[in-house]
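Please keep the sequence and the structure in view while reading.

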Amino acid sequence: MACLNIFQEDSAKARNEQEECTFDGTVDRHGRPAVRARTGTWVTGILLLVNQGLATLAFFGVGVNLVLFLTRVLGQDNADAANNVSKWTGTVYIFSLLGAFLSDSYWGRYKTCAIFQVIFVIGLVLLSLSSYIFLLKPKGCGDKDFPCGSHSTFEIAFFYLSIYLVALGNGGYQPNIATFGADQFDEDSPKESHSKVAFFSYFYLALNLGSLFSNTILGYFEDEGKWVLGFWASAGSAILALILFLFGIPRYRHFKPSGNPLSRFCRVFFAAIRKWKVEIPTEEEELYEVDGDDCPGNGRRKLLHTEGFKFLDKAAVVTENDREKEDKESHSSWRICTVTQVEEVKCILRLLPIWLCTILYSVVFTQMASLFVEQGAAMKTTLFGFHIPPAGMSSFDIVSVAAFIFIYRRVLDPFVARLKGTKARGLTELQRMGIGLIIAIMAMVAAGIVECFRLKYAQKDCPHCESSSSMSIFWQIPQYVLIGASEVFMYVGQLEFFNDQAPDGLKSFGSALCMTSISLGNYVSSLLVTIVMKFSTRDRMPGWIPSNLNKGHLDRFYFLLAALTMADFGVYIVCAKWYKSIKFEGKYEDANGKGSDEVIV
């Protein structure tokens, strides 16, 4: 009997461990608390990483050569084609804000990802059909030697409908898939919290591997005029990504949407303005907060009070009028707000300066797809008789990203953790983002030095600037490698930072901030080039970035970017030292009592 009792106790213990629910409040597809053993973790995490890789391959299979499609197939000139591609790319990132809003407010991340992936697939299928049926006429057109004929207004409109459906689908899906992947790991569990941090690194790696295939294999076929093959391959990749995504339905963990954040923000500001004459109590316990585990406006966990933005604290001050209303059980959310709702607004206000400092980094990053390519085209692009496409040099960036993700996670981070004498992460997200800015400065200096030597060995009278320098294009490798290394520290750190520091009801919005940073980086880069050319073309000078780079000074533009990034780094350090981390009830522990996450230099 004793043996039987022991066996029954062990069985009950094992069953209890198997039925243990997550600590962070996630639910399964039926809305019940998620059982740790049967949901989430790397089973769904790997599924979402593969999904991201395939979706990225599909998106860049269209985007990487879209400017060539517009010039060769639709007959647009270079300026119009470049302008249309910029509008299309910017629209992708604008749609990311829409996807984040719908996810955080109403649909939840799973439903948002599924709907926008379906739109993405529809757009790619329509693009493939329109190219095959309408646009690639006469047959065999679309390469660099055989442009296509004219097209009707309906055919052009159908084409634009399809590519903007692609933009809508990818834009709405991107900010949510990273956050949804992070949702599969319980951050309140010591073991799963480390996996959650690792997920963002592997997520960025999957993104780069997907773009590597589209930039090389698909890019080659499309450059040869095989547009239908390239587009159908993209559509097939997107369909496979959607099937894999749906395959994980039984195991996904979900967070419930928390309602419209705009109304919550407006209530806080409105309540604070109404009470602008009210004195703030000296004890923060006197500020208003609701009882219970759930807190309106946050979705799951309460936020603890932090110093700063004192004016907003007035929204949580309980006045005599509020007490009378409370006695009558008729509290108005426009008169008084909880501490959690106030802290949610404070959190976003603290994130914005950090986010603004990342925009200039994105200006540096965008040079890889523009000026780096033009610089490479003006160098020696042959090796043992083989032509090396200048855009193909971005492969070194992707290889660098993969290498530095491994170096950081397996070597650098554990080494720093041992130096600090802690089992936690070695470098904070803010420290990594600061390192990313430093490496970006090095990349621009390296690009400027290469350009100085390229000009030294250039043929000054080259009319087209194609392979016009005897300097090999492989001298660009250092600048591509440095950009790749900076991405690992900046963009991966940025993803982790915004996901960790955004309130529970705004996690997708945090990921969308990363995408809008890249979008604004493109616009600021275009504006900066315009300003530089305006001032450098005075007195009949060709300017720093003329059509013939041999007559310009691209090196000065690179050094200018290095100087601007250095100034941005100085501002970033000030913002990072000022920043105070978000504090969740029951989770936050801070030895120094400041709650700051600082960059140490």
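A residue counts as buried when its relative accessible area is under 20%, as exposed when that area is over 50%, and as partly exposed in between. Glu 20, at 31% relative accessibility, is therefore partly exposed. The model described here is a predicted one.

**Salt bridges**

The structure holds 14 salt bridges. One of them joins Glu 20 to Arg 36, with 3.3 Å between the closest N and O atoms. Both residues lie in the loop between α1 (2-18) and α2 (41-63), so the pair ties together parts that are 16 residues apart in sequence.

A second pair is formed by Glu 307 and Lys 310, whose closest N and O atoms are 2.8 Å apart. Glu 307 is partly exposed, with a relative accessible area of 40%, and Lys 310 is also partly exposed, at 42%.

Elsewhere, salt bridges that share partners join Glu 20, Arg 36, Asp 186, Glu 192 and Arg 253 into one network.

| Salt bridge | Distance between N and O |
|---|---|
| Glu 20 and Arg 36 | 3.3 Å |
| Glu 307 and Lys 310 | 2.8 Å |

**A helix crossing**

Two packed helices are described by the angle between their axes and the distance between the axes. Helix α12 (residues 339-366) and helix α17 (residues 507-536) have axes that come within 7 Å and cross at roughly 45 degrees. The two helices α12 and α17 are therefore oblique to each other. Their crossing is right-handed.

**A nonpolar surface patch**

Val 445, Ile 449, Phe 453, Tyr 457 and Phe 559 make a nonpolar surface patch of about 430 Å². Helix α15 (residues 429-456) supplies the largest share of this patch, namely three residues. Phe 453 is found in helix α15. With a relative accessible area of 41%, Phe 453 is partly exposed.

Conventions: Residues numbered from 1 in each chain as written. Predicted model: local features only at pLDDT ≥ 70, side-chain atom pairs only at ≥ 80, totals over all residues. Heavy atoms only, no water. Patch = residues over 30% accessible without salt bridge, like charges linked within 9 Å, V, L, I, M, F, W, Y side chains within 5 Å. Areas by Shrake-Rupley, 256 points an atom, 1.4 Å probe, with all protein chains shown as cover. Salt bridge = Lys/Arg side-chain N within 4 Å of Asp/Glu carboxyl O. Helix = DSSP H or I, 4+ residues; strand = E, 2+ residues; numbered from the N terminus. Buried < 20%, exposed > 50% of the residue type's maximum accessible area, 1.4 Å probe, protein only. Axes fitted to C-alpha atoms, helices over the stretch in contact; angles between N-to-C directions. Parallel < 35°, antiparallel > 145°, perpendicular 65-115°, else oblique. Left-handed = near helix turned anticlockwise from the far one by under 90°.
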